Amino acid sequence: MIIAKGAVHSPQVEIMPLISITEMSAKLHKSRATIHRWVKARKLLAPVYQNHRTIGWCPLKFEQWQLAQK
């Protein structure tokens, strides 16, 4: 099977990088320990975990959380 060049268009998916704990700390003006306490107390949305380690927060969900806090 031969496919002409340019005949197949793959969808463009924009992947937003996760917000790291350091970035989250700067955005909220809180220490890493406070952020972890807030997550545990469910005052802050839960981050994405991999192998029991915090990877980061989804930017869109964080924006939604911020709007809900106002």
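**Close-up views of a predicted chain**

**View 1. The whole chain.** The chain holds three helices and two strands, where helices (H or I, at least four residues) and strands (E, at least two) are DSSP runs numbered from the N terminus. Following the sequence, their pattern is α-α-β-β-α. This is a predicted model, in which local features need pLDDT of at least 70 and side-chain atom pairs count only at pLDDT 80 or more, while totals for chains, interfaces and linings use all residues. Residues are numbered from 1 along each chain as its sequence is written, and side-chain values use heavy atoms, with hydrogens and water left out.

**View 2. Cover and contacts across the chain.** Of the 70 residues in the chain, 23% are buried, meaning under 20% relative accessible area (1.4 Å probe, protein chains only). Contact means heavy atoms within 4.5 Å. Taking contacts between residues at least 6 apart in sequence, 36% join residues at least 24 apart.

**View 3. Ile19 and its neighbours.** Look for Ile19 in the segment before α1. Ile19 is buried, with a relative accessible area of 7%. Leaving aside residues up to four places away in sequence, Ile19 touches Met24, Lys27, Gly56, Trp57, Pro59 and Phe62. Phe62 lies 43 residues from Ile19 along the chain, yet their C-alpha atoms are separated by 8.7 Å.

**View 4. Ser25 within helix α1.** Here we move to Ser25, part of helix α1 (residues 21-28). Ser25 is buried, with a relative accessible area of 16%. Its contacts, not counting residues up to four places away in sequence, are Lys30, Ser31, Arg32 and Ile35.

Conventions: Buried < 20%, exposed > 50% of the residue type's maximum accessible area, 1.4 Å probe, protein only.
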